[in-house]
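Please read them with the sequence and the structure at hand.

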Amino acid sequence: MTEEGTLPRVTHTDVRGPFGVTSPTCQLRDVLDRVGDKWSVLVMALLGTGPKRYSELQRSVEGISQRMLTLTLRSLERDGLVTRTVTPTSPPRVDYELTPVGQTLSVEVSSLIEWAERHREYVARSRTRYDRT
């Protein structure tokens, strides 16, 4: 609640706040939720090749809405994995890039994406076989 006794205004683009739980297991789960999210993985992979503008990211991530891209970038920035740089031009230029810690995660994300690419047909066949039973 705010000082006036009302609930704070929350919009659909606000970044998810802390759970209020301080146990190491909950903190680990929270980090894994962020880095394991499909949009975060794809954005991190794109930023692994260097800084990108918002519009570049939106064009490159098929199926992501503007709202979801904004939430993903804000969450990655909040977690210290991405930095946002605004250049005061008209219109303002906004660039996103990985932090040093984000770069270490990008290596792992790239490995996961490579694995998924190598095994996607196998997974698709397995799903088809399973669904027939």
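1. Is the crossing of α2 and α5 left-handed or right-handed? In this predicted model, the crossing of these two helices is left-handed. On the α2 side the contact is made by Val41, Met44 and Ala45, and on the α5 side by Gly102, Leu105, Ser106, Val109 and Ile113. Sorted by class, the residues of this contact comprise six nonpolar and two polar ones, with no charged residue among them.

2. As for the geometry of the pair, helix α2 (residues 38-47) packs against helix α5 (residues 100-132) at an angle of about 110 degrees, and their axes lie 9 Å apart. Since angles of 65 to 115 degrees count as roughly perpendicular, α2 and α5 are therefore described as roughly perpendicular to each other.

3. Thr72 deserves a separate comment, and its place is in helix α4, which spans residues 66-78. Its relative accessibility is 3%, so Thr72 counts as buried, the cut-off for that class being under 20%. Apart from its neighbours within four places in sequence, Thr72 is in contact with Trp39, Ser40 and Val43.

4. On the overall fold, the protein has five helices and three strands, which follow one another along the sequence in the pattern α-α-β-α-α-β-β-α. Among the contacts with a separation of 6 or more, 50% are accounted for by residues 24 or more positions apart.

Terms used. Residues are numbered from 1 along each chain as its sequence is written. This is a predicted model: local features need pLDDT of at least 70, side-chain atom pairs count only at pLDDT 80 or more; totals for chains, interfaces and linings use all residues. Side-chain values use heavy atoms; hydrogens and water are left out. Helices (H or I, at least four residues) and strands (E, at least two) are DSSP runs, numbered from the N terminus. Contact means heavy atoms within 4.5 Å. Buried means under 20% relative accessible area, exposed over 50%, partly exposed in between (1.4 Å probe, protein chains only). Axes are lines fitted to C-alpha atoms, for helices over the stretch in contact, and angles run from 0 to 180 degrees between N-to-C directions. Angles under 35 degrees count as roughly parallel, over 145 as roughly antiparallel, 65 to 115 as roughly perpendicular and the rest as oblique. A crossing is left-handed if the near helix is turned anticlockwise from the far one by less than a right angle, and right-handed if clockwise. Ala, Val, Leu, Ile, Met, Phe, Trp, Tyr, Cys and Pro count as nonpolar, Asp, Glu, Lys and Arg as charged, and the others, Gly among them, as polar.
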